Amino acid sequence: MAMCIPEWNRREFIRSTLVAGAAAAAVPVLAAPARAAVAPRKIALTNVRVFDGTALSAPRTVVIDNGLIGLSPLGAEQIDGGGATLLPGLIDSHVHLENRATLDALASYGVTTALDMGCFPPATVDALRHQQGATDIRSAGTPGVAPGSLQSQIPTFPASGIVNGPGDALRFVSARVAESSDYIKVIVDVPGLDQPTLTAIALAAHGFGKQVMAHATTAAAAKIALAAGIDMIHHVPLDAPLDAATVSSYRSRGAVAVPTLTMMEGFANLGIPGYSYASAESSVGALRRAGVPILAGTDANHTPGVPVHPAYGDSLHHELELLVAAGLGTAEALRSATSAPAQRFGLRDRGAVRPGYRADLVLVGGDPIADIRATRDVQRVWLAGVEHAPAS
């Protein structure tokens, strides 16, 4: 967020950016020129162990055929996987996109789907959709913010994202639907959008068949978001662990958690008084024990004014490591970046290695069930059957 704030001291600025900037909308950047189309090849990946959502299979063959996972290896180019592990393409459930370069960075680390949580104007989002051989995206577009909030003061922030009370909720949601937003995003700050306004937004969004994502970085904000009927709570608080009643509310209301531990760790490392990474880690453990669905998201961004910038792609592997350290099993962590987000975001053609699904695939060395750090050894990546060079 590029803005002039000479009257704020460092501590106030960092606190404000934690509350508002961790989910700040991406700065508009022109998309890279269109690239030459690359036709998917028919490939038979032999001798690969496949993650089935729980364990790794014995070595077998997986066919890539016309961008999908196929059945018959007849006529396919043979590639020996050497006993490596084949994962479904990874899904990052919280990023802020900018341009084609951000898609390529994600793809190089095996992130084949990116769920953007704030990007404007709509032309920027549209330019990133349906790019052959690139990470596939979904986006919230412009988030809903309170009048006078930090976000509303961003010079490029669209006025249509400012929600002036419950009576303005339908107008805000309708504008996002008209712009083809895949889900609705709101910033839940204290002070900020009040609960009646958030409830009205949730009702309007659900009326259009859209899920609602909430940026909530404090314990109080999480309570407000849950009471408003919001579907997914992004971030976990650093000011205090989620209490038992709030964790129970996640469970009873069917809410999903996207902790973004990578971002929380980064802010905790800034030394802000009153903030502790232990609070975030404790909350994830409590949510997991309660059976609350947890998705892997990083808050990868290049947003000016935000002091923490998780790297596109690479940070998702760190997120998996942090989730395991917080109490998830390795298979659970893998599901949090594959089948679980595919299910929760209604992406019915990905998240598993099954015939007929998109050939979004990542070949990694080692055994990520035994050691989650094995996901970092990315050897090959396919996006709808088109191979992309892995990060060196």
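Close-up 1. At 30% relative accessibility, D349 counts as partly exposed, whereas R350 is buried at 5% (buried is under 20% relative accessible area, exposed over 50%, partly exposed in between, with a 1.4 Å probe and protein chains only). Their side chains meet in a salt bridge, 2.8 Å from N to O; the term stands for a side-chain nitrogen of Lys or Arg within 4 Å of a carboxyl oxygen of Asp or Glu. Please keep in mind that this is a predicted model, where local features need pLDDT of at least 70, side-chain atom pairs count only at pLDDT 80 or more, and totals for chains, interfaces and linings use all residues. Residues are numbered from 1 along each chain as its sequence is written, and side-chain values use heavy atoms, with hydrogens and water left out.

Close-up 2. The closest N and O atoms of R41 and E77 are 2.7 Å apart in their salt bridge. R41 sits in the loop between α1 (10-20) and β1 (43-50), and E77 in strand β4 (residues 77-80), 36 residues away. (Helices, H or I of at least four residues, and strands, E of at least two, are DSSP runs numbered from the N terminus.) Both partners are partly exposed, R41 at 34% and E77 at 36%. K42 pairs with D65 at 3.9 Å, N to O. Because K42 lies in the loop between α1 and β1 and D65 in strand β2 (residues 60-65), this pair ties together parts 23 residues apart in sequence.

**Close-up 3. Strand β9 and its partner β10.** From β9 (residues 184-187), I184 and V186 point one way and K185 and I187 the other, all of them buried. Strand β10 (residues 212-215) runs parallel to β9, joined to it by 4 bridges; strands pair if DSSP finds at least two bridges between them. I187 stands opposite H215 in β10.

**Close-up 4. The largest cavity.** About 70 Å³ of space lies here. A cavity is a set of points on a 1 Å grid over the protein atoms alone where a 1.4 Å probe fits but cannot get out, and lining residues have an atom within 4 Å of a point. Grid points are joined across faces, edges and corners, and the volume is the space filled by probe spheres set on them. Of the 13 lining residues, P122, V125, G141, E179 and S181 lie nearest the centre. Helix α3 (residues 122-128) gives the most to this lining, with 3 residues.

Terms used: 1 Å grid on protein atoms, 1.4 Å probe; cavity = no way out; pocket = protein on both sides within 12 Å on 5 of 7 lines; lining within 4 Å.
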